[in-house]
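Student: I am new to this structure. Can you walk me through how to read it?
Tutor: Gladly. Have a look first.

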Amino acid sequence: MKRIFSVLVENRSGVLCKVAGLFSRRSFNIDSLAVGETDDNAVSMMTILSSGTEQTLEQIEKQLNKKLDVIKVKTFDESKAVTRELMLIKVKYNKGNRREIMETCEVMKAEIVDMSEKMMILQICDTPEKIRLMISMLSQVSIVEVARTGTLALQKCMED
Amino acid sequence: MTGAQALIRCLEEEKVTTVFGYPGVAICPFYDAILDSDIKTVLIRTEQNAAHAASGMARMTGRPGVCAVTSGPGATNLITGIATAFADSIPLVCFTGQVNSELIGSDVFQEADITGAVESFVKYSYLVKNAKDIPRVVKEAFHIANTGRKGPVLIDLPIDIQNQEIGRFSYPDEVKLRTYKPTVKGNALQIKKVVKELEKAKRPLICAGGGIRLSNAKGELKNLIEEYRIPVVSTMMGIGVMPTDHPLYFGMVGNNGWPWANRAMKEADLIMMIGARVADRAVNQPERVMKDTVLIHIDVDPAEIGKNAGATIPIVGDAKSILNDIAEYEIDGDFEDWINTLNTYKTEMPVLRNPDPAYVDPAAFIRSLSLKMKDNAVYVADVGQNQIWSCKYHVVKNGRFMTTGGMGTMGYSIPAAMGAKMAAPDRQVVAVCGDGSFQMSMMELATMRQYGIKVKIIVLKNNYLGMVRQYQHFSLKDRYSVVDLSGSPDLENIAAAYGMKFIRVNDMNGADKKIDEFLAGDESCLMECIIDPMDLV
């Protein structure tokens, strides 16, 4: 079972280490982790994607809440959230596959953000699922490097 | 006023009487400032024991124990003691010196990242970067350590911060922590549900853990069970919350507990766990024990509820407050048949012991010792076979039983007993250890002598790491590996070297008289009991 943990934390040094340490110490999975300041620069938001049994996911939430640097933990399923991930992907191209790569970009709503004679950097911002799809589409051409932000998520506006 | 002077003022504000520790350059400003205070200092002989001694003191006073050590190795040596207090939920405030704040991260002499190292063993830690923060940090630390689920808090103090001028000292009246508000009062609806379930139950059982003691709810528990006539068992950390011979108390549960207590857990149709973690040593395979049972789990730490066993009715809050709330209700139930059944189990289930008369029988000895101890005496058990025998055969009257049931740190008993004795000089304090655990804290005999701490020590000597030997006996077909304690010192000479009275007991003949002699007067004494090396718990 997958779950998203939206964790508001005090923006202090060492907090990322404490939260990450908690996951490793208790053998919880981190599938993805993204951290950034919120509108309040004293507060950071950590978006953690984790998976495990219902009991494990409950423990993750409770253990996070025990940390004194954690202000608030929200948990929700992927289906209840708007999720986005940004990926930069550097590929080698040649005359033969240039057209094909550009078509893929068009279909996937990716952009070419940098280019040289042999290589180009593509940028895509989409759901984690589309990001995975993009990687698999490009696996035919030679991928040089990939950088991903990790999943960002906010709970959908509709509340029931 | 310097940061160090401010620190001492803070300790005075927190009514700290004693600091256990070991100085080094990085904590010298602290130890210099403390000279101008009435706070006692105790030079412990190794840092780990500073935390244990502070733990013993905390368990007696109900206030955080305090220790202060230097940076680097001083701080890292403290870790086992901190981890012990964490596992046992004992409130401590630990100060560590640190290198000059500008040098942090450059691996200078005696630098260690102590806040990083203790992260998973503390409730919280601080690295103070501005001396002006000291009053707030100390106020918060004492609050965090001693509220909610209690535990250790560490404050790391770079030497330049201790020397920094802070101007006028003022101690905050209250803490402002937006992320920390432990629940005290239990949910009223859940409490109503408990009452309903209790009325439906035929075979209810309360399992009392260390949380009862920590929330000072011993009296509330006793009132509740006497009023409703509900039988009680306890975990290891819960020993002593009920007098051993109370007619409704059925002893310790767990893989080293009494068979009738475990049978009670299996057969109960309602179990109320209070301040207990349902940890492996207390409840093996909780899913099986709890399958058809209504489990009411009361704990101040929400993360403990549902961690090891799914609770039917979870209640987060302070045991004392919740027990008081439950006691508001009339409960219509008659559990006399169930109590009679448990009494039958207690008399009929066999406990096989065939002590060799050539040795001291630890079971009979501990029983006899505890019956002769003063009514309010403090008994501190170490770790190993001695711990299990102590848990089973020590008779708690109105005194205290202390041990590290959570962490199981060998060498705990002597320093913890010292802390307890310093907290309650008028009470009789006895530490009971094995020859393995004794040698882990033997150096503290010097501290006892130096400060006149009159702890009485019993060493159950079998020349083995008995608990490990027992494991190798049962699980590894007597392939004994690294459990032989040959080479141990002659304890009579050790006692003489530290100026202590010494008594040796070879067998049960005349043991009673020797116990009387051991317990007589308020002086420290070392008693060696020769036990059967092959004895099993």
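Student: Is Asp478(B) buried or exposed?
Tutor: Start with the ground rules. This is a predicted model, where local features need pLDDT of at least 70, side-chain atom pairs count only at pLDDT 80 or more, and totals for chains, interfaces and linings use all residues. Residues are numbered from 1 along each chain as its sequence is written, while chains are lettered from A and ligands numbered from 1 in the order in which they are written. Now burial: a residue is buried if 20 or more other C-beta atoms, placed from the backbone, lie within 10 Å of its own, exposed if 12 or fewer, and partly exposed in between. Asp478(B) has 8 C-beta neighbours inside 10 Å, so Asp478(B) counts as exposed.

Student: Where does Asp478(B) lie?
Tutor: Helices (H or I, at least four residues) and strands (E, at least two) are DSSP runs, numbered from the N terminus. Asp478(B) sits in the loop between helix 20 (466-475) and helix 21 (491-497) of chain B. Its phi is positive, about 60°, although Asp478(B) is not a glycine.

Student: What is phi of Val482(B)?
Tutor: It is near 55°, a positive value in a residue other than glycine. Val482(B) is also found in the loop between helix 20 and helix 21 of chain B. With 7 other C-beta atoms within 10 Å, Val482(B) is exposed.

Student: How do I describe two packed helices?
Tutor: Give the angle between their axes and the distance between the axes. Axes are lines fitted to C-alpha atoms, for helices over the stretch in contact, and angles run from 0 to 180 degrees between N-to-C directions. Take helix 10 (residues 218-228) and helix 13 (residues 319-327) of chain B: their angle is about 25°, and their axes are 9 Å apart. That makes helix 10 of chain B roughly parallel to helix 13 of chain B. Angles under 35 degrees count as roughly parallel, over 145 as roughly antiparallel, 65 to 115 as roughly perpendicular and the rest as oblique.

Student: Which residues make the contact between helix 10 and helix 13 of chain B?
Tutor: Two residues are in contact if their C-beta atoms, placed from the backbone, lie within 7 Å. Helix 10 of chain B brings Glu220(B), Leu221(B), Asn223(B), Leu224(B) and Glu227(B). Helix 13 of chain B brings Lys320(B), Leu323(B), Asn324(B), Ile326(B) and Ala327(B). By class, this contact of helix 10 with helix 13 of chain B has five nonpolar, two polar and three charged residues. Here Ala, Val, Leu, Ile, Met, Phe, Trp, Tyr, Cys and Pro count as nonpolar, Asp, Glu, Lys and Arg as charged, and the others, Gly among them, as polar.

Student: What about chain A? How many helices and strands are there?
Tutor: Chain A has four helices and nine strands. From the N terminus on, they run β-α-β-β-α-β-β-α-β-β-α-β-β. Of its 160 residues, 22% count as buried.

Student: Into which domains is chain A divided?
Tutor: Domain bounds come from an automatic or database domain assignment. Chain A has domain 1 (2-76) and domain 2 (83-155). Their C-alpha centres lie 28 Å apart. Nine residues of domain 1 of chain A are in contact with six residues of domain 2 of chain A. Strand 2 of chain A gives the most to the side of domain 1 of chain A that touches domain 2 of chain A, with three residues.
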